Amino acid sequence: MEEKLKEILDYYRARDDRGSQETVVQLLREVQELYGFIPPEARRLAAEACGVKEALVSCLVKRYPSLKEAAYRHTITACTGQRCGRKDGAALLAALRCELGVEGEGISAGGGILLQTRNCLKHCGTAPNLLVDGQLLPHTAPEQIPSLVERLRKL
C-alpha cells in the first residue's frame with residue numbers, strides 16, 4: 001500500500017496545477033480509494049506533495065462529504081430542526097449519543113458509525129427523523145436506537 005501511495009503522491013507532485021483545490025481533492029479521493037478513508041499522515045503527505053498547507057487539506061476533507069477522515073461504514077444524521085425537537089428529537093439525539101459513545105458529532109466509540117446533525121431534514125411531517133446511510137427513518141423513537149445501532153454494527 002505504501003508503494004501505491006508513493007506513486008499517487010509522485011504523480012500529483014509533478015503536476016503544474018498541483019496546488020489547485022480541484023487537484024488536491026482528486027489526490028485525496030485517490031488516497032481514500034486506497035485506504036477507505038484519509039489518514040492523518042496521508043493528509044500531511046498530500047499537503048506536502050501539492051505544496052499547500054496541511055490546514056487547507058484538512059478543510060477540504062471536512063468540506064467534501066464524500067471524503068472521510070476516519071474509517072466508518074455507516075452515517076446517522078439526526079434532525080435538530082424545530083419540529084423534530086418538539087416531537088422528542090432531543091431525546092432521540094441523546095439516545096444516539098449515549099448508544100454510540102459520542103458527546104457531540106463524531107465517530108462512535110467502537111468505530112464504524114459517524115453521527116452527524118442537520119438543522120432540518122425537510123420531512124417535518126414525519127418528525128422526529130433520522131437519515132441512516134441516506135435512507136429516511138421517520139417517526140423514530142429513542143427506544144429504537146439500541147436495536148438500530150446493533151443492526152448497523154453487524155452490517
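**Close-ups of a sheet and its helices**

**View 1. Leu-130 finds its partner across the sheet.** In this predicted model, Leu-130 has Leu-137 of β5 as its bridge partner. Zoom out a touch and you'll see the strands these belong to: β4, which covers residues 130-132, pairs with β5 through three bridges, in the antiparallel sense. As a bit of background, strands in a sheet are held in pairs by backbone hydrogen bonds, and the pairing can be parallel or antiparallel.

**View 2. Five strands line up in an open sheet.** Read across the sheet and the order goes β2-β3-β1-β4-β5, with mixed pairing. The edges belong to β2 (106-107) and β5 (135-137); each has a single partner strand, so one side of each has no neighbour in the sheet.

**View 3. Two helices lie across the strands.** Helix α5, made of residues 82-100, lies across β1 (72-79), β3 (112-118) and β4, and runs at about 155 degrees to β3. Helix α6, residues 145-154, lies across β1, β3, β4 and β5, at about 155 degrees to β1.

**View 4. Helices α3 and α4 pack together.** Here α3 (residues 40-50) meets α4 (residues 54-63) at an angle of about 120 degrees, and their axes are 8 Å apart. That angle makes α3 oblique to α4. The crossing of α3 past α4 is right-handed. Which residues of α3 and α4 make the contact? On α3, look for Pro-40, Arg-43, Arg-44 and Ala-47; on α4, pick out Glu-54, Val-57, Ser-58 and Val-61. Sort the residues of this contact by type and you get four nonpolar, three charged and one polar.

How values were computed: Residues are numbered from 1 along each chain as its sequence is written. This is a predicted model: local features need pLDDT of at least 70, side-chain atom pairs count only at pLDDT 80 or more; totals for chains, interfaces and linings use all residues. Side-chain values use heavy atoms; hydrogens and water are left out. Two strands pair if DSSP finds at least two bridges between them. Helices (H or I, at least four residues) and strands (E, at least two) are DSSP runs, numbered from the N terminus. Contact means heavy atoms within 4.5 Å. Axes are lines fitted to C-alpha atoms, for helices over the stretch in contact, and angles run from 0 to 180 degrees between N-to-C directions. Angles under 35 degrees count as roughly parallel, over 145 as roughly antiparallel, 65 to 115 as roughly perpendicular and the rest as oblique. A crossing is left-handed if the near helix is turned anticlockwise from the far one by less than a right angle, and right-handed if clockwise. Ala, Val, Leu, Ile, Met, Phe, Trp, Tyr, Cys and Pro count as nonpolar, Asp, Glu, Lys and Arg as charged, and the others, Gly among them, as polar.
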